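This report concerns a predicted model.

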Number of protein chains: 2
Amino acid sequence: MTTFTPSQVVERTGFSLDTLRYYEREGLIGPIERTAGGRRTYRQEHLDWLDLVKCLRDTGMPISDLKLYTALSNDATTLNERLDLLERHDREVQASIDQLLEQQNHLREKIAWYRGQVGGGA
Amino acid sequence: MTTFTPSQVVERTGFSLDTLRYYEREGLIGPIERTAGGRRTYRQEHLDWLDLVKCLRDTGMPISDLKLYTALSNDATTLNERLDLLERHDREVQASIDQLLEQQNHLREKIAWYRGQVGGGA
DNA sequence: GCTTGAGCTGGAGTGCACTCCAGCATGCAC
DNA sequence: GTGCATGCTGGAGTGCACTCCAGCTCAAGC
């Protein structure tokens, strides 16, 4: 069974060593097995999980929600709750995309105005 | 000339009183005129400016860049620099929209998977 | 003229998500 | 078997953008 050292996980996930340890402390990822010497040995399933964590963090899910989601994931009877959580999050992501697009329009109007000023002054 | 009290500005811009004062301290908006008693009296141009500030903040421009942009706006010869700043920001906004859309795809795949599980278990 | 609410100041406090550090252990490379 | 990179822990520190607070002044209504 392939395992990964902390630095390999850093390389593959883009999280820093400190962030990986922080997430483990916070319960965003289950306790990672250790070598006899105490070093963490990650497995493929951890990398997969961290990809999901990255997706959710990058879309703005707070640590507290991720903590909840992780806890739910340890109980096979919580599929509906997890689905709810992700659907709610999806709606929030959609809302922030919409808001970003709307504000981008204002921004581009402003840019167009500046271009008129700059071009007109030539 | 119409003027606005601080609480009217709160209502119209959505910024809190404390945030308005913080922005003024930080130089994101020029010093606001005062009444004899020391109360701020905002004018329409301030509301317009605050709309732009809101647009830029909501799209993630840091306070430090807004500070710079505000400083540049007090010098009529800086049109090109301001345009540059906004264009750079627009590219960053586009990048975060793109990234959000991409991560939203992953999220929706996960949601679809959950729906399969939940539906399949019925 | 007094009450009540809005506003003032300077400075301290908050919440979030990391990030850094000291001091120590481990492990592979030679 | 020693040197150096990697990793460990607990806890302190950071950066950002506010947000709150005490103690005070001001203004409008009755």
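A residue is counted as buried when its relative accessible area is under 20%. C55(A), at 3% relative accessibility, is therefore buried, and C55(B), at 4%, is likewise buried. A search over all chains of the predicted model returns 0 disulfides.

Chain B is superposed on chain A by a rotation of 180 degrees with 0.0 Å of shift along the axis, and the RMSD is 0.0 Å. The two copies are thus related as by a two-fold rotation axis. Within chain B, the residue that comes closest to this axis is I97(B), whose C-alpha lies at 3.1 Å. Because 100% of the interface residues of chain B are also interface residues in chain A, the copies meet through the same surface.

Around DNA strand C there are 20 residues, of which D18(A), Y23(A), R57(A), R39(B) and R40(B) come nearest. Helix 2 of chain A gives the largest share, 5 residues.

| Residue | Protein atom | Distance to a phosphate oxygen of DNA strand C |
|---|---|---|
| Y23(A) | polar side-chain atom | 2.7 Å |
| R40(B) | side-chain N or O atom | 2.9 Å |
| S7(B) | polar backbone atom | 3.0 Å |

Terms used
Residues numbered from 1 in each chain as written. Chains lettered and ligands numbered in written order. Predicted model: local features only at pLDDT ≥ 70, side-chain atom pairs only at ≥ 80, totals over all residues. Heavy atoms only, no water. Disulfide = S-S within 2.5 Å. Buried < 20%, exposed > 50% of the residue type's maximum accessible area, 1.4 Å probe, protein only. Least-squares fit on C-alpha atoms with pLDDT ≥ 70 in both. Contact = heavy atoms within 4.5 Å. Near = heavy atom within 4 Å. Polar contact = N/O pair within 3.5 Å; in protein donor to acceptor, adjacent residues only side chain to side chain. Helix = DSSP H or I, 4+ residues; strand = E, 2+ residues; numbered from the N terminus.
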